[in-house]
Amino acid sequence: MDINEIAGGGKAWSPDKVGDKLEGTITLIERRQQRSFDGGVPLTWDDGSPRMLTYIELATSQRDDDDDDGVRALYLKGGRNFEPAEGKGNSGEVALVEGAKKAGMSSVEEGTKLVIVHSGVA
């Protein structure tokens with residue numbers, strides 16, 4: 001099953017290497033429950049609470065072919081327990097929050113310009 005059928009939305013951004021960059025304008029940002037890749041089953045923690053992530057759709061200039069609308073989906077997980085095996089950096093959610101604070105923002109909204117750099121592999 002295609003991951004876009006499970007999650008809906010844009011084509012998932014999948015960087016090839018540390019240092020890859022994506023930039024565009026946020027068209028959708030929301031909290032969603034994580035789902036398994038095999039069947040789309042909602043994931044929970046051991047205590048039964050939902051495992052959440054931040055889902056972002058980003059309008060970009062990237063086009064893989066004539067049918068590509070350039071929308072890329074980002075699935076940002078949280079937590080400060082991220083230990084990159086390669087590269088450096090924080091979890092996606094922590095990096096988003098820290099970047100917003102550094103830019104003087106108190107929230108990240110639709111319409112916000114976003115540049116994201118793949119800085120580490122877990």
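Author: R51 lies over the face of W45, 4.7 Å from the ring centre. A charge is said to sit over a ring if NZ of Lys or CZ of Arg is within 6 Å of the ring centre and within 35 degrees of the ring normal. Before going on, note that this is a predicted model, in which local features need pLDDT of at least 70 and side-chain atom pairs count only at pLDDT 80 or more, while totals for chains, interfaces and linings use all residues. Residues are numbered from 1 along each chain as its sequence is written, and side-chain values use heavy atoms, with hydrogens and water left out.

Reader: Where in the chain is R51 found?

Author: Start with the elements. Helices (H or I, at least four residues) and strands (E, at least two) are DSSP runs, numbered from the N terminus. R51 belongs to the loop between strand 2 and strand 3.

Reader: Is R51 buried, exposed or partly exposed?

Author: The terms are cut-offs on relative accessible area: buried is under 20%, exposed is over 50%, and partly exposed is in between (1.4 Å probe, protein chains only). R51 has 24%, so it is partly exposed.

Reader: With which residues is R51 in contact?

Author: Contact means heavy atoms within 4.5 Å. Leaving aside neighbours within four places in sequence, R51 touches R32, Q33, Q34, L43, T44 and W45. As for distance along the chain, R35 is 16 residues from R51, and their C-alpha atoms are separated by 8.4 Å.

Reader: Which ring does the charged end of R32 sit over?

Author: That of Y55, with 3.6 Å to the ring centre. R32 also makes a salt bridge with E30, at 2.6 Å from N to O. A salt bridge here is a side-chain nitrogen of Lys or Arg within 4 Å of a carboxyl oxygen of Asp or Glu. R32 counts as partly exposed because its relative accessibility is 22%; E30, at 31%, is partly exposed too.

Reader: How many salt bridges does this rule give?

Author: Seven. Some of them form a network that links K11, D64, D68 and R72. R72 meets D64 at 3.7 Å, N to O, and D68 with the closest N and O atoms 2.7 Å apart. R72 is at 2% relative accessibility, so it counts as buried, and D68 is buried at 12%.

Reader: How do I read the sheet?

Author: Begin with pairing: two strands pair if DSSP finds at least two bridges between them. In this model an open sheet of five strands has the order 1-4-3-2-6, and its pairing is mixed. Strand 1 and strand 6 (113-117) are at the edges with a single partner strand each, so one side of each has no neighbour in the sheet.

Reader: In which sense does strand 4 pair with strand 1 (residues 11-12)?

Author: Parallel, over two bridges. K11 has R72 as its bridge partner in strand 4. Strand 3 (residues 52-59) and strand 4 run antiparallel and are joined by six bridges. On that side, L58 stands opposite R72, and A59 opposite V71.

Reader: Why is strand 4 (residues 71-76) described as largely enclosed?

Author: Because five of its six residues are buried, strand 4 is largely enclosed by the rest of the structure. As a general idea, side chains in a regular strand alternate between the two faces of the sheet.

Reader: Which residues of helix 2 (residues 92-102) are buried?

Author: E93, V94, L96 and A100. They cover an arc of only 160° around the axis, which puts them on the same side of helix 2; the arc is that of the directions from the helix axis to the C-beta atoms. Among the elements that cover these buried residues are strand 2 (21-33), strand 3, strand 4 and strand 6. G104 follows helix 2 and has a positive phi, near 80°.

Reader: What is the order of the elements along the whole chain?

Author: From the N terminus on, the elements run α-β-β-β-β-β-α-β-β, giving two helices and seven strands. Of the 122 residues, 28% count as buried. Among contacts with a separation of 6 or more, 60% come from residues 24 or more positions apart.
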